[in-house]
Amino acid sequence: LSEHQLGGTAVLPGAAHADLILRALGELMPSGEPDAGAVITDLIFQAALVARAEVDVRVELTPDGAAFRAELSSRDPGAGSWTVHSTATVRWERPAPPPLVDIAALRADFADAQPEPPLAGDQDRYFVLGPRWDNVTDARTKGAQRLVSITLGESYRDDLLAHVLHPALLDSGTSSARLPAEGPFIPFLYGSLRSFGRLPAA
């Protein structure tokens, strides 16, 4: 959390909301495995989760037909009231294997596109990010298409044991979907997010 700051204050990344919801869902599974496949829809960010000091965070799942309504909230330790930060609908869904993509052919198609220079410091960023976010190893744009390579640093690979959707990897992936000329954005919702399992290191 300390690696994702706005104005010198730690702010929970939007991607971490999705990860926490899937981890909560996993606790309800007989196997206790949150990476068997799930779909999150209408993940709406209602208020930033700002951590100036230690805070309690909870995810409540309420049955809603074949799915669950998820609510992520926080409070200061010992405080009575909770602040809701995001809501969503989540359900288990063991998906069919995704279609295979010929990565070598894709890279060959982008071979004539110039690699984009990495951001210098906090250039074009609202947030001050730590080393886990230093994970974009290559980015190229060709017309309206982008090819981005993302790899979690070796020092942080143990993180993958705790996270279904590693926040730094998912955050970099979603933010890299925009074209460089579009400028930075702060998300307010994920319309639909399908998890096929734990995100790999690369």
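This is a predicted model: local features need pLDDT of at least 70, side-chain atom pairs count only at pLDDT 80 or more; totals for chains, interfaces and linings use all residues.
Reader: Which residues make the contact of α1 with α3?

Author: On α1 they are A15, A16, A18 and D19. On α3 they are P167, L170 and D171. By class, five are nonpolar, two are charged and none is polar. Ala, Leu and Pro count as nonpolar and Asp as charged, which means that D19 and D171 are the charged pair.

Reader: Where does α1 lie relative to the strands?

Author: α1 lies across β3, β5, β6, β7 (83-92) and β11. Against β3, α1 runs at about 135 degrees.

Reader: What is the strand order of the open sheet?

Author: The five strands are ordered β5-β6-β7-β3-β11, with antiparallel pairing.

Reader: What makes β5 and β11 edge strands?

Author: β5 (56-64) and β11 (189-195) each pair on one side only. Neighbouring strands of this sheet are turned by 20 degrees against each other on average, direction ignored.

Reader: How do you know that β5 and β6 pair?

Author: Pairing takes at least two bridges. β5 and β6 (residues 67-75) have nine, in the antiparallel sense, so they pair. In one of these bridges, D64 is the partner of A67 in β6.

Reader: What joins β9 to β10?

Author: Six bridges join β9 (residues 136-142) to β10 (residues 145-150), and the two strands run antiparallel. R140 stands opposite L147 of β10. The hairpin has two residues between its strands, and G143 takes a positive phi near 65 degrees.

Reader: What makes the phi of D42 worth a note?

Author: Most residues other than glycine have a negative phi. D42 is not a glycine, yet its phi is positive, near 50 degrees. D42 sits in strand β3 (residues 38-45).

Reader: Why is D42 called partly exposed?

Author: Buried means under 20% relative accessible area, and exposed means over 50%. D42 has 44%, which lies in between, so D42 is partly exposed.

Key
Residues are numbered from 1 along each chain as its sequence is written. Side-chain values use heavy atoms; hydrogens and water are left out. Helices (H or I, at least four residues) and strands (E, at least two) are DSSP runs, numbered from the N terminus. Buried means under 20% relative accessible area, exposed over 50%, partly exposed in between (1.4 Å probe, protein chains only). Contact means heavy atoms within 4.5 Å. Axes are lines fitted to C-alpha atoms, for helices over the stretch in contact, and angles run from 0 to 180 degrees between N-to-C directions.
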